[in-house]
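The sequence and the structure are shown first, and the description follows.

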Amino acid sequence: MTLEPEQLGRSKADLAQTLRDLRKRAGLTGDRLAKRCAMSQSKISKIETGKVTASLVDVERILRALDAPPELVSEVMALARMANTEWQNKRSSWRRGLEKRQAELATLESESTEMRYFLPSMLTGLLATPEYVRASLTHSPGDKSRTVSRKLERQAILYDSSKSFTFLLTEQAVRWPIVPPSVMTVQIDRLTSLSRLPNIRIGIVLDRGTVPRGPLNTFTIYDDRLATAETFTGRIVFQDARDVAQYREIFDMYAGFAVYGDEARDYLAARAQSLLRDL
């Protein structure tokens, strides 16, 4: 089964119906299946009606209880992975209004305690100056002023000491010329200031040595419950624990190649001086 973006919206209902049909085909009641799976009957009911999306672990337990053949297990597990993955089309976000997306992100951030950002090419809005935010929205349609305001409002979350943030930047993210050199020096000064906050860790993966895995895309991890990956045309949201764990492993791998604290600030200061010399 191939994971296509247009399938992701249907997969949750498809998974619920598939599991319901398999149980009935096996001649089991919901209560009997629940006992075999060591789940509550109410959870089985919610999974089969689509009120709760079954995790991959839940689906594995159900399929084992139903004694499903290997080829069916493979098919249903692929469907379960899609059901735990959401495709958010960028054009749809534009139609709804960019400021609504900012409200969704603010809610996600308020509900999370530990957030991790891998930034291989550009800075995220939480770190950005107003000028950098405006430049990053150049190719977005419509009135961008409200979106800029909402992005800047979201930055208040950085000063909530009950939350922790780790931002991993490559050198390219610091060097990408989306704004003029004079503006980028101000942006670098903001990064330096934020790096001194006790709940914020900014690491920079320097262009030295060998890093064994290429930086494919920007991704964010919210606690250990959700991960998002950005593309040019939208974002993929992963909610299955195994997918989130894999992103966490990748993040930790990159984190091991980064410099932090004074060493990161020394790099930022040198980069700012280089930009000033180019003026």
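L279 lies in the segment after helix 13, where helices (H or I, at least four residues) and strands (E, at least two) are DSSP runs, numbered from the N terminus. The model is a predicted one, in which local features need pLDDT of at least 70 and side-chain atom pairs count only at pLDDT 80 or more, while totals for chains, interfaces and linings use all residues. Residues are numbered from 1 along each chain as its sequence is written, and side-chain values use heavy atoms, with hydrogens and water left out.

L279 counts as exposed because its relative accessibility is 59%; buried means under 20% relative accessible area, exposed over 50%, and partly exposed in between (1.4 Å probe, protein chains only). Leaving out residues up to four places away in sequence, L279 touches P181 and S182, contact meaning heavy atoms within 4.5 Å. Between L279 and P181 there are 98 residues of sequence separation, yet their C-alpha atoms are 7.0 Å apart in space.

D243, which lies in helix 12, is buried, since its relative accessible area is 8%. Its contacts, apart from neighbours within four places in sequence, are R81, T85 and F238.

**The sheet**

Strands of a sheet pair through backbone hydrogen bonds, either parallel or antiparallel. Here 8 strands form an open sheet in the order 1-7-6-5-2-3-4-8, and the pairing is mixed; two strands pair if DSSP finds at least two bridges between them. Strand 1 (85-89) and strand 8 (258-259) are the edge strands, each pairing on one side only. Strand 3 and strand 4 run parallel and are joined by 6 bridges. T170 has V205, in strand 4, as its bridge partner.

**The nonpolar cores**

A nonpolar core is a set of buried Ala, Val, Leu, Ile, Met, Phe, Trp, Tyr and Cys residues joined through side-chain atoms within 4.5 Å. The largest one has 39 residues, of which Y117, L127, F165, F167, L169 and I202 touch the most other members. Elements that each supply at least two residues of this core include strand 2, strand 3 (164-170), strand 4 (200-205) and helix 11 (181-194). Helix 13 gives the most to this core, with 5 residues. F165 touches M115, Y117, L126, I157, L158, N199, I200 and R201, not counting residues up to four places away in sequence. A second, separate core of 24 residues has A34, M77, A80 and M82 among its members.

**The pockets**

On a 1 Å grid over the protein atoms alone, a pocket is an open set of points where a 1.4 Å probe fits, with protein on both sides within 12 Å along at least five of seven lines; lining residues have an atom within 4 Å of a point. Grid points are joined across faces, edges and corners, and a volume is the space filled by probe spheres set on the points.

| Pocket | Volume | Lining |
|---|---|---|
| Largest pocket | about 1,400 Å³ | 42 residues |
| Second largest pocket | about 210 Å³ | 13 residues |

K90, M122, S136, E230 and T231 lie nearest the centre of the largest pocket. Helix 7 provides the largest share of that lining, 6 residues. The lining of the largest pocket divides into 19 nonpolar, 16 polar and 7 charged residues; Ala, Val, Leu, Ile, Met, Phe, Trp, Tyr, Cys and Pro count as nonpolar, Asp, Glu, Lys and Arg as charged, and the others, Gly among them, as polar.

In the second largest pocket, R213, L216, N217, Y247 and I250 lie nearest the centre. Helix 12 (residues 241-255) gives the largest share of its lining, 5 residues.
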